[in-house]
Amino acid sequence: CEVGTHHWAQCNDAPVKYARFPVTGLVEGRSYVFRVRAFNKAGVGRPSRVSDPVVAMDPSDRARLRAGPLAPWTGVIKFTEEETTVGVIPGEPTDVVVTEATKSYVVLAWKPPEQRGHEGVMYYIEKCIQGTDTWQRVNTGIPVKSPRFAIFDLAEGKSYNFRVRCCNSAGVGEPSVPTGEIVVSDKLDLPSAPCNPVVIRNTDTSVVVTWGASKDVKHLVGYYIESSMVGTDVWTPCNNKPVKQTRFVCHGFTTGSNYVFRVKAVNAAGYSQSSSNSDAVVVQAAISVPARPTNVTLLEAVRDYMVLGWTAPTNNGGADIRGYFVDFRTVKGNAYGKWHEMNQKALTTTSFKAENLKENIFYQFQVRAMNMAGVSKPSLPSAGLECKEWTITIPGLIMQTNRLLITFTIMYFSKYLSGILRINLTSNLI
């Protein structure tokens, strides 16, 4: 659509396989916007977003405009021999190459001739079917100004030669060196399908999808990810633009629903086959390691062991706590020893009897929680705790505590002595 109008003109008569297309027939100097529609057996899709406006002009002219104003005039004008000559017929274009070749079109590019005169040049393109000597002009109407041109209406599978001539008001120059045999077919192959998509839980509305890269693919544009709710055959795209990485975070899912995913690769030739479907995943927040335990305290002390207790993590990471690990180190003044594990097998309670300790030595303890995702960070270390026996003998006193279940052992009771009870505190922790 020309900028300033509302008339959309179709650029190609038949659908093209590539995700690019050379548009011809534009008026030089005017601005245009473009949009694209996809087509399959069900019909034509909605158009894409409109492109930014672009001016139809030679790239070298656009570069000169971007360069800004010319340098100030010095008062001296220099003329070359070519510029003072009137009516110079331009020379031959050089380096004519095929930059794109498909079964729908061929794009040629070349370098302008060194001898061109002061008025500039335009170009005629000619083609010849391989095996014949007949050259046919392609752009029989108006010659083109840009050193690049797309040739349509070629027979698929046939071989062609191409060459270019320059022209100006003085006449048409000699032809360039032919390109050589060019077969009209797709140069690019479709990419192979990506491998084995794997889905990882992320949040209550998103997942992370990873996959193996496509093999033997040239000029990869990227990947598209699609999702489908389990039980339906509807596939929905997860990304609007192709991603070149093999990892993508997909958003906008319903919490608690099951989804499967697949991935396609795309290059200029088109889309690959879809990858295999991923395993179904329930969209919910990912399971993480639990928070650290807290409040590591001493419950009981004897000459060669201590009984510890702690508080379970406030956040279990989305999975049940499977156990705890206790670490210890020695403390001597301001010097600390290395941390060592006390238990190889996870504890299922929030208490632990640390054995084989040395009497009158100070120790610090820390605890880590574990769930199916892994082990948490350690708790804050306890205070320095001395390993020595507690001795408490208090007749007639009922002791109340929320951490100890004190076992009272009657050491002596006499039916002849009324109301006398000796209590020995054995401090067994249950």
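Glutamate 2 is partly exposed, with a relative accessible area of 25% (buried means under 20%, exposed over 50%, partly exposed in between; 1.4 Å probe, protein chains only). The model is predicted: local features need pLDDT of at least 70, side-chain atom pairs count only at pLDDT 80 or more, and totals for chains, interfaces and linings use all residues. Residues are numbered from 1 along each chain as its sequence is written, and side-chain values use heavy atoms, with hydrogens and water left out.

Glutamate 2 forms a salt bridge with arginine 30 (3.5 Å, N to O). A salt bridge is a side-chain nitrogen of Lys or Arg within 4 Å of a carboxyl oxygen of Asp or Glu. Arginine 30 is partly exposed, at 41%. The count comes to 10 salt bridges.

Glutamate 126 pairs with arginine 163 at 2.6 Å. Glutamate 126 also bridges to arginine 165, with the closest N and O atoms 2.9 Å apart. Salt bridges that share partners join Glu126, Arg163 and Arg165 into one network. Glutamate 126 is buried, at 7%. Arginine 163 is buried at 14%, and arginine 165 at 18%.

No disulfides (cysteine sulfur atoms within 2.5 Å) are found in the whole structure. Cysteine 128 is buried at 4%, whereas cysteine 11 is partly exposed at 41%.
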